[in-house]
Amino acid sequence: MSTPSRRTAPPAAPDTVILAAMRSAGETGASGAELAKQLGVSRAAIWARIEELRKLGYDIGASPHHGYVLRACPDALHADDLHARLGGTQVVGREIRVFKETDSTNDLVDKLAHDGVAEGMVVFAESQHQGRGRLGRRWLSPAGKGLWFSVLLRPNLSPMAATQLTVISAVAVSRAIERETGLRPGIKWPNDIMFGTRKCAGILIELSTEIDHIRHAVLGIGVDVNLAAEDFPPELRDLATSLRAEAGREIDRPALAAAMLRELDYVYARLREGDFHQVGDEWMRRCSTLGRRVTLKIGDRTIQGVAEALDDEGALVVRNEHGHVEQILGGDVTMQR
Amino acid sequence: MDLKEIKSIIDLMKKNSLSEFELEEKDFKIKLKRPIGAAVAPLPHALLDDPELTAYAPLARPVAPTPAVTSAPANAANGDAEIKSPMIGTFYRTPSPDAAPYVEVGSEVGPDTVVCIIEAMKVMNEIKAETRGVITAIVAENAKPVEFGQPLFKIRPI
């Protein structure tokens, strides 16, 4: 597998440098003089940036002895802050854009892809009007309650191998949730992130391909982070859950967002380096569908059986009620309790 | 053909989930068969001992359905091109179940016109016509499995 072109990330924005410096300094505080020197600006200019950050909701203390201390961050996504938290990744998150609202981040990223934007671009929206899942199904994306984002990748894969993206993205989302919340979700085949029979995150991958290669792939990811029970419409309450509901506390969304990008970058690096199987093995360990009775709907056909295994390509091996074994690549899977 | 070449063919078969490969040259013939799925890694022992499971050798990756030709103009074979599936998956003619199909027989399409979706493991692949023309036949069936390289549409270039 050849290495994709590595464009260097644009130089860090002043706010990224300031936020990163304050985070690493902690209680000690980041010196205004040093920041001014590092950014090649005056101390007054640093002060002005601090004021702007305060307006965005950052609680920043300042003292002559301690410099700037970051006391608290707003529950909002800011591209510069996400860059500061990430501290550099190989591909995913080299560029980040945050929109207050949009129709669908997948549509937006797809447009950017057609304009020739380099891979690794991430677009977050604080709310989506037309967030969607498979086959045009609506995905609830209320403002400020979740993470709704899309990642542009240009993997050197054949369309046949695109299912690897399903596998690695499910692992990355699970790992990020585990890291930031301590919860351990299961993966419902192929990539729903679940607590028991309730879904808390979904992934939809849209490809633009030619017969033998992928032009680009858009990974659309939706995570129900801080939704309360009443944020879900009644018909979803038995099917959906949020990290807040599972953990019993508010979850730090910006920290989780950065963790998502870091883990996606990690698994994508494994894929590019030809280590897909390492991630594939983790996916199998996390897959909660195996050994369960499942109902599958594929078009107008329904299959009932037991999910017995995953094959080399990640297809679900199901033994149906007549004892026959089928390999399943698509359709809707329902796990029986 | 040496052992190395044979090995690379086997690798290609694995990579593309091909179950059979046959090649015939002047005085050489090779036929390779591979039970797809039989080499599943993490099967619990109980399953490996199960004669039925291990005996499903030519296991059903979705078998290409007999093409249900929706429309077959008499001259369809003459000069019509095919739009083929770039992957194994499920063929969808509509973006969502209640939506109108992307194209119908008679639809005029351009290179960037989306004609259908192929889905595999929640990867939705929008297939484009790649050429300018008129759809003359829809040869795959909606919401049914399709194979790699299976014709989906016939298109008459204009």
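Mentor: Let us start with one term: a residue is buried if its relative accessible area is under 20%. By that rule, F124(A) and F149(A) are both buried. Please keep in mind that this is a predicted model.

Trainee: Which parts of chain A does the pair of F124(A) and F149(A) tie together?

Mentor: F124(A) belongs to strand β4 (residues 121-128) of chain A and F149(A) to strand β5 (residues 146-153) of chain A, so the pair links parts that are 25 residues apart in sequence.

Trainee: How do you know that the charged end of R270(A) sits over the ring of Y266(A)?

Mentor: The limit on distance is 6 Å from the ring centre, and the charge must also be within 35 degrees of the ring normal. The charged end of R270(A) is 4.5 Å from the centre of the ring of Y266(A), and it is found to sit over that ring.

Trainee: Why is S169(A) called buried?

Mentor: S169(A) has 0% relative accessibility, and the limit is under 20%, so S169(A) counts as buried. S169(A) is part of helix α6 of chain A. Leaving aside residues up to four places away in sequence, S169(A) touches I203(A), I205(A), L219(A) and L264(A).

Trainee: Which residues of helix α9 of chain A are buried, and what covers them?

Mentor: In α9 (residues 276-286) of chain A, the buried residues include F276(A), V279(A), G280(A), E282(A), W283(A), M284(A) and R286(A). Their cover includes α6 (163-181), β6 (186-188), α8 (253-272) and β11 (301-310) of chain A.

Trainee: How is the packing of α1 and α2 of chain A described?

Mentor: Two packed helices are described by the angle between their axes and the distance between the axes. For helix α1 (residues 14-25) and helix α2 (residues 32-39) of chain A, the angle is about 145 degrees and the axes are 11 Å apart. The crossing of α1(A) and α2(A) is right-handed. P14(A), V17(A), I18(A) and A21(A) of α1(A) make the contact with L35(A), Q38(A) and L39(A) of α2(A).

Trainee: What makes β13 and β14 of chain A edge strands?

Mentor: The sheet is open, with 5 antiparallel strands in the order β13-β12-β11-β10-β14 (chain A). β13 (325-328) and β14 (332-335) of chain A each pair on one side only. Neighbouring strands of this sheet are turned by 40 degrees against each other on average, direction ignored.

Trainee: How do you know that β12 and β13 of chain A pair?

Mentor: Pairing requires at least two bridges. Strand β12 (residues 316-320) of chain A is joined to β13(A) by 4 bridges, so the two strands qualify as a pair, and they run antiparallel. V318(A) has E326(A) as its bridge partner in β13(A). The two strands form a hairpin with 4 residues between them, and G323(A) in the turn has a positive phi of about 90 degrees. From β13(A), V325(A) and Q327(A) point one way and E326(A) and I328(A) the other, and all are buried.

Trainee: Why do β3 and β5 of chain B stand at the edges?

Mentor: Their sheet is open and antiparallel, with 4 strands in the order β3-β10-β8-β5 (chain B). β3 (81-84) and β5 (108-109) of chain B each have a single partner strand, so one side of each lacks a neighbour in the sheet. β5(B) is joined to strand β8 (residues 133-138) of chain B by 2 bridges, and V109(B) has G133(B) as its bridge partner in β8(B).

Trainee: Why is M87(B) called buried?

Mentor: M87(B) has 1% relative accessibility against a limit of under 20%, so M87(B) counts as buried. M87(B) lies in the loop between β3 and β4 (89-92) of chain B. Among the residues that M87(B) touches are P159(A), M160(A), L207(A), I118(B) and F148(B).

Note on methods:
Residues numbered from 1 in each chain as written. Chains lettered and ligands numbered in written order. Predicted model: local features only at pLDDT ≥ 70, side-chain atom pairs only at ≥ 80, totals over all residues. Heavy atoms only, no water. Axes fitted to C-alpha atoms, helices over the stretch in contact; angles between N-to-C directions. Buried < 20%, exposed > 50% of the residue type's maximum accessible area, 1.4 Å probe, protein only. Contact = heavy atoms within 4.5 Å. Left-handed = near helix turned anticlockwise from the far one by under 90°.
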